[in-house]
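This report describes how two chains meet in a structural model. Please view the sequence and structure below before reading on.

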2 protein chains.
Amino acid sequence: MTTTTSSPATATLPPLAELQQAYAELQARGLKLDLTRGKPSAQQLDLAEPMLDLPGAGTHTDDAGTDTRNYGGLDGGLAIRRIFAELLDVPVEQLLAGGNASLTLMHDVVAYAELFGFPESPKPWAREETVRWICPVPGYDRHFTICEALGIEMIPVPMTVDGPDAEAVAALVADDPTVKGMWVVPTYSNPDGAVITEDVARALVSMPAAAPDFRILWDNAYAVHHLTDDEVTSPNALALAAQAGNPDRVVMFASTSKITFAGAGVSFLAGSPATIAWYKKHLSAASIGPDKINHLRHAMFFGSADGVREHMRKHREILAPKFEAVVQILAERLGAYGIASWTEPKGGYFVSLDVAPGTASRVVELAKDAGIALTPAGATHPYGKDPENMNVRLAPSMPPLDEVRTAMDGVATCVLLAAAESRS
Amino acid sequence: MTTTTSSPATATLPPLAELQQAYAELQARGLKLDLTRGKPSAQQLDLAEPMLDLPGAGTHTDDAGTDTRNYGGLDGGLAIRRIFAELLDVPVEQLLAGGNASLTLMHDVVAYAELFGFPESPKPWAREETVRWICPVPGYDRHFTICEALGIEMIPVPMTVDGPDAEAVAALVADDPTVKGMWVVPTYSNPDGAVITEDVARALVSMPAAAPDFRILWDNAYAVHHLTDDEVTSPNALALAAQAGNPDRVVMFASTSKITFAGAGVSFLAGSPATIAWYKKHLSAASIGPDKINHLRHAMFFGSADGVREHMRKHREILAPKFEAVVQILAERLGAYGIASWTEPKGGYFVSLDVAPGTASRVVELAKDAGIALTPAGATHPYGKDPENMNVRLAPSMPPLDEVRTAMDGVATCVLLAAAESRS
């Protein structure tokens, strides 16, 4: 479980003038730092550098005897699918390997729903008056962008330390057939690092839904992205959904974007046999098959599921100190005042920081004017609107450790100043 | 210009019984040959085998200073775009490099039109009662599949040796706003090898269209795929369209699928600045950027546009003898009887064979029963329906030369028998 730190106040905020002075000094440093995006650092990318020699001239046939260089095959390379079937705990027949982005797979699943509908859809979603979608908040901005781009109305529900608020979700889904889907990031969720519990997962896959074609897009983006020895695994949603009699409800996604190369990884889609058939049917009009050479390259590099696990421990060595620095500086600088709380994630790519209500956008503005780029306030909410204007997503993976420290110290100054301003 | 061979009859068909005997002997050989798909052969794929070592560990920064391993950038690698901008004669700012299939780009452009419409569209196409699309025939089955999958009604127009019948197209487009698009394969068209003339290109890009959002998807799949010393270039459609005051009408596509690796190439989309902006806007919801490492790999392998041209001459050495064999055997076996005509393409991947009217499906069936797989009759027409049932697409690239000879000799036997049957 993710720890959320929110100490009661043991000290009063320093005077406004003192914080303004501290901020002026911060500005005077002329920093140029960036905590905006969950990108792997060059040091992390270097871990996969040997892949740039792979598969190597003369090696182009995969386990199934396929010439990976030629056209064909919508399923993707068997060897890489076997490795990720083990990691994701899904049958290999129900797992497809795709191109370089699970974001594209998610977009295309929703786009196919709009254009064609799911097998049980009364009509293509584009012909419905209204399609609505449940978005746990804080959440991932690019999930929200997919909904917004495709004209889907978003309904926020709160995240908890155990995953989305299942009761709130069930109430929304039970009677309203326009509510046709929801996002879930089951492991080390973006941005708050929560891992969904089996109880919550079971509730979501078994709750009655008024829409016959209700879907949960289960974005397991951080399935193996641990930051501690406690390598948690989220519950097997596909199996739970099948047990609950809703085998088609969950469509699962994953990728190697934050394992090998962020721009040149392999994406995965898993679902029920009916979902796989539906997806491939529509994909077949658009695709000549994924890049099977890249699949072979990845399979050779990893060797096995254990190879992936081993590789991820190297990422952890680079990432964990950065996350520790974020949490440590937040505790040191803000812990006494009771004006902020933050997550201490055991994996994933983000720390979710709640500042004094109404001040998140001011914190981001102050940081920007001091040369520290933060994700825009509101980005973790649908339509970019955080009703309490208090959530800030911190992404410490990309900058070197010393820059993370410098940036976070500056962020703390901005959080304090914004809080003091709001009280003055 | 493609030569179409169609000699007048100088001999009468052999007797049915004799042809039946020849066919029985063909069947007795127990062949297992395949002329169905325009796939490169293993020998052709071997030409790019050194790419499997590229870019090589330590090499991951592109010309623009971008770390190709990380997220970001919808335009694609600058170096590979420069090379193909020269080859396709388009400004590099108007050329995007994408994933491994131009088919996906074409599908997505039409899907975006369905979901969102083009900038001038009165509404998204999915909300229109009827959307119609002009399909020159014979044509490419996967173009037709995109239309059919997206619910677009297809209208066939004849291909000529100069490209699509521009008068027929202009008449369809002039008054009917439901006619919103057409396919063109400008260079060495699939399957008949025609290269569009400048007159036809100019007519298509300048004709008045009732639909404000009329588009021509200009699939330049075989731009550099020459089979002779006469390395023809199709007219610059984007420039002609801009001159005609219809800059957004043409969206051009190309790829390296039949240059490097069919399953792991690079695709390209070119269009007006407005088209590029429209496409990127919608792509941005679905993509974290294309595989820039593969772009770098390709740029390193080619070095320059001349590198591509040089590479294509090696393909020609492998392909030209196969095409020569097809044409030679057709001439030897069928030339005297006036029952068939065929193209003698100067590039591309296909020979288009017209057999005795009403017998194409019988030819394909006879061939199949003799162990020779041919593209289904009708595949070169929308909905798989060739009204005259006479066109057969021959794809000789994949099998070795001796198998091409054996298969074509068998096909000739089938063509003769089907013709004799139809007269008896």
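In this predicted model, 56 residues of chain B are in contact (heavy atoms within 4.5 Å) with 56 residues of chain A. Local features require pLDDT of at least 70 and side-chain atom pairs pLDDT 80 or more, while totals for chains, interfaces and linings use all residues. Residues are numbered from 1 along each chain as its sequence is written, chains are lettered from A in the order in which they are written, and side-chain values use heavy atoms, without hydrogens and water.

The table gives totals for the two chains. Buried area is the accessible area (1.4 Å probe) that two parts lose on being put together, summed over both. A salt bridge places a side-chain nitrogen of Lys or Arg within 4 Å of a carboxyl oxygen of Asp or Glu.

| Quantity | Value |
|---|---|
| Buried area, chain B and chain A | about 4,400 Å² |
| Salt bridges, chain B and chain A | 4 salt bridges |

Carbon and sulfur atoms account for 56% of the buried area. Within chain B, B:Leu52, B:Arg69 and B:Tyr71 lose the most area to chain A, together 17% of what that side buries. A salt bridge joins the side chains of A:Arg69 and B:Asp46 at 2.6 Å, N to O.

A:Met51 lies in the loop between α2 (42–46) and α3 (78–88) of chain A, where helices are DSSP runs (H or I, at least four residues) numbered from the N terminus. With 0% relative accessibility, A:Met51 counts as buried, a term for under 20% relative accessible area (1.4 Å probe, protein chains only). Beyond its neighbours within four places in sequence, A:Met51 contacts A:Thr260, A:Phe261, A:Arg297, A:His298 and A:Phe301.

Definitions and conventions. Helices (H or I, at least four residues) and strands (E, at least two) are DSSP runs, numbered from the N terminus. Buried means under 20% relative accessible area, exposed over 50%, partly exposed in between (1.4 Å probe, protein chains only).
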